[in-house]
Amino acid sequence: MAGIVFSKSSGLNDSIYGKSEAPIRAFLETTVKAYEEMSTINKIYKMIESEHYGEKFGGITGFAHGFQPVGEGGSYPTDERQEGYSKFLENITWKDSFAITQEMMEDSIILDLSRTGARSFIEQYHLTREKYGSQLLIGAVSGPTTSFRGLVMDCTSADGVSLFSTAHPSKTGNTGTQSNKFAGAFDVEVLGKIETKMQNFTDDNGEVLNIAPDTIIIPNDAALKKAVFEAIGADKDPATANNGFNYQYGRWTVIVSPYLNGLITDSDKPFFLLDKKYCDNYNGLIFMDRIPLTIKAYIDEDTDNNVWSGRSRFVAGANDWRCIAVGGVTGATAL
């Protein structure tokens, strides 16, 4: 959710802080725009604005039988559908604040504070969103829940198992379990195999879906970056010295995020393949904003400090696991 909302200031107009309010507000607004342009979560998640304390995401399964041959004058067969898996996401309240002391104002160092305190305040807001959204992916690799600043995060998709699982169940029971969690270090061959696995993902009735992964998401690791760009960065086959055509060339968007570095272990360097269009069309990964960053300024009567407090409500969650897969995980499905 773009922008920033300022509530009415309290006690500033008639105080020593009054003349500093407008410059700080302008600085905060400018900084918000800068960080929004650098965001990675809006390239991974479907960004949604919520009008309630929470929202339910789900859908109806596909038709079980499809069109049937009936012969001349035959009657219409009745097909079957049912409610699919659903996911409820409840918005979470987030708060922070910073203060300007009267001594700062008296000593005329308010400009320095605008450059440091205000910038850090907005930086922490956006870092919180980036790290929170990234932690969902990190946590989902190893289990159904994870922790973020004392908050227990639900890492399951709508089917009730972890977003990344070797055994996603079918709602109808008309197909076997499916995996979006794979072993194998990144190279051009592993990339092609996981892409193919995703293209063969089916709905709950076993029908192949139109999934076409287009985004590679990796931690900020030198060896992993080298492997990715070697695999997709040239039109010739990177595995040989001949002139074979590299069909992976020019087909991928790459997102490198330092907030995913927690994935890296001595044995694993996980990476993700994402179909962003499927994610947006079918509510795959959700980042939901209820209240944008709302800032108010007031004078604390006990300290005479000028307090700037910020409040927001948002939540991230997974609904349809089929939009994303993870590779490079020890003990996961072999390719």
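Q: How much space lies in the largest cavity?
A: About 40 Å³. A cavity here is a set of points on a 1 Å grid over the protein atoms alone, where a 1.4 Å probe fits but cannot get out. Grid points are joined across faces, edges and corners, and the volume is the space filled by probe spheres set on those points.

Q: What kind of model is this, and how are residues numbered?
A: This is a predicted model, where local features need pLDDT of at least 70, side-chain atom pairs count only at pLDDT 80 or more, and totals for chains, interfaces and linings use all residues. Residues are numbered from 1 along each chain as its sequence is written, and side-chain values use heavy atoms, with hydrogens and water left out.

Q: OK, back to the hole. How many cavities does a search of the whole structure find?
A: The search turns up 1 cavity of 30 Å³ or more.

Q: Which residues line the largest cavity?
A: Thr40, Ile41, Ile44, Tyr45, Gly133, Ser134, Leu137, Ser257 and Leu260. To count as lining, a residue needs an atom within 4 Å of a point.

Q: Which helices supply at least two residues of that lining?
A: Helix H2 (41-44) and helix H4 (110-142). The largest share, 3 residues, comes from H4. Helices (H or I, at least four residues) and strands (E, at least two) are DSSP runs, numbered from the N terminus.

Q: How many nonpolar, polar and charged residues are in the lining?
A: There are 5 nonpolar, 4 polar and no charged residues. Ala, Val, Leu, Ile, Met, Phe, Trp, Tyr, Cys and Pro count as nonpolar, Asp, Glu, Lys and Arg as charged, and the others, Gly among them, as polar.

Q: Switching topic: which strands form the open sheet, and in what order?
A: The order is S9-S8-S10-S13, 4 strands with mixed pairing. Strand S9 (253-257) and strand S13 (324-327) are the edges, each pairing on one side only. From one strand to the next, the twist averages 20°. Two strands pair if DSSP finds at least two bridges between them.

Q: How do S8 and S10 run?
A: Antiparallel, with 3 bridges joining S8 (residues 215-219) to S10 (residues 271-274). Thr215 stands opposite Leu274 in S10.

Q: And which helix lies across S8, S10 and S13?
A: Helix H5 (residues 188-199), running at about 45° to S10. Helix H6 (residues 222-232) also packs on the sheet, touching S8 and S9, and its direction makes about 160° with that of S8. Axes are lines fitted to C-alpha atoms, for helices over the stretch in contact, and angles run from 0 to 180 degrees between N-to-C directions.

Q: Is Ile218 buried or exposed?
A: Ile218 is buried, because its relative accessible area is 0%. Buried means under 20% relative accessible area, exposed over 50%, and partly exposed in between (1.4 Å probe, protein chains only). Ile218 lies in strand S8.

Q: What does Ile218 touch?
A: Not counting residues up to four places away in sequence, Ile218 touches Leu224, Lys225, Val228, Ile255, Val256, Ser257, Leu260 and Phe271. Contact means heavy atoms within 4.5 Å. The C-alpha atoms of Ile218 and Val256 are separated by 5.1 Å, though the two are 38 residues apart along the chain.

Q: What about Thr294, where is its place?
A: In strand S11 (residues 285-299). Thr294 is partly exposed, with a relative accessible area of 24%. Leaving aside neighbours within four places in sequence, Thr294 is in contact with Val5, Ser309, Gly310 and Arg311. Thr294 and Val5 are 289 residues apart in sequence and 4.6 Å apart in space, C-alpha to C-alpha.

Q: What do S6 and S7 form?
A: A hairpin with 2 residues between them. S6 and S7 pair in the antiparallel sense over 4 bridges, and Thr145 stands opposite Asp154 in S7. S6 has Thr146 and Phe148 on its covered face, with Thr145 and Ser147 on the uncovered one.

Q: What is the phi of Arg149 in the turn?
A: Positive, about 50°, although Arg149 is not a glycine. Arg149 is exposed, with a relative accessible area of 53%. Asp304, in the loop between S11 and strand S12 (306-318), has a positive phi of about 65° and is not a glycine either.

Q: Last one: how many helices and strands does the chain have?
A: The chain has 7 helices and 13 strands. Buried residues make up 45% of its 335 residues.

Note on methods:
1 Å grid on protein atoms, 1.4 Å probe; cavity = no way out; pocket = protein on both sides within 12 Å on 5 of 7 lines; lining within 4 Å.
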